[in-house]
Amino acid sequence: MKANVGGIDKALRIVAGVALLGLGIAGVLPMWAGLIGLVPLVTGLMNWCPAYTLLGMSTCPTEKK
């Protein structure tokens, strides 16, 4: 798996994932909605998004040759 999630995208995914999980645990959101936060959290931590792969996208900086 080649990394396709860049720096700002990674940070936003992690923050959003933790926020959704926290809101689900706190009872502000239903638990199923909070568990959806696992998706951006895991993709941010792995630096890889399967949807980006399917769409041919990448937010990683290009390599200089």
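Helices (H or I, at least four residues) and strands (E, at least two) are DSSP runs, numbered from the N terminus. This is a predicted model, in which local features need pLDDT of at least 70 and side-chain atom pairs count only at pLDDT 80 or more, while totals for chains, interfaces and linings use all residues. Residues are numbered from 1 along each chain as its sequence is written, and side-chain values use heavy atoms, with hydrogens and water left out.

**Overall form**

The protein has four helices and zero strands, in the order α-α-α-α along the sequence. Its radius of gyration is 14 Å, whereas a compact globule of 65 residues would have one near 11 Å. That radius is taken over C-alpha atoms, and the globule rule is 2.2 Å times the number of residues to the power 0.38. Along the principal axes, the C-alpha atoms fill a box of roughly 50 × 20 × 15 Å.

The accessible surface is about 4700 Å², and 74% of it belongs to carbon and sulfur atoms. Accessible areas come from the Shrake-Rupley method with a 1.4 Å probe; for residues, only the protein chains shown count as cover. Of the 65 residues, 28% are buried. Buried means under 20% relative accessible area, exposed means over 50%, and partly exposed lies in between (1.4 Å probe, protein chains only).

The buried residues of α3 are Pro-40, Leu-41, Thr-43 and Gly-44. These buried residues pack against α1 (7-26) and α4 (50-55); contact here means heavy atoms within 4.5 Å. Just after α3, Asn-47 takes a positive phi of about 60 degrees.

Helix α3 also gives the most to a nonpolar patch, with three residues. The patch is on the surface and consists of Met-1, Ile-25, Met-31, Leu-35, Leu-38, Val-42 and Met-46, with about 720 Å² of accessible area together. Patches are made of residues with over 30% relative accessible area and no salt bridge; like charges are joined within 9 Å, nonpolar side chains (Val, Leu, Ile, Met, Phe, Trp, Tyr) within 5 Å. Both α2 (31-35) and α3 (38-46) supply at least two residues each. Met-31 lies in α2.

**Arg-13 and the salt bridge**

The whole structure has one salt bridge, defined as a side-chain nitrogen of Lys or Arg within 4 Å of a carboxyl oxygen of Asp or Glu. Asp-9 and Arg-13 form it, with their closest N and O atoms 3.0 Å apart. The two are four residues apart in helix α1, so about one helical turn separates them. An α-helix has 3.6 residues a turn, so residues three or four places apart point the same way.

Leaving out residues up to four places away in sequence, Arg-13 touches Val-5, Pro-40, Leu-41, Thr-43, Gly-44, Cys-49 and Tyr-52.

**Cysteines**

There are zero disulfides in the structure, a disulfide being a pair of cysteine sulfur atoms within 2.5 Å. Cys-49 is in no disulfide, and the nearest cysteine sulfur, that of Cys-60, is 11 Å away.

**Accessibility of the residues discussed**

| Residue | Relative accessible area | Class |
|---|---|---|
| Asp-9 | 16% | buried |
| Arg-13 | 13% | buried |
| Met-31 | 43% | partly exposed |
| Cys-49 | 7% | buried |
| Cys-60 | 23% | partly exposed |
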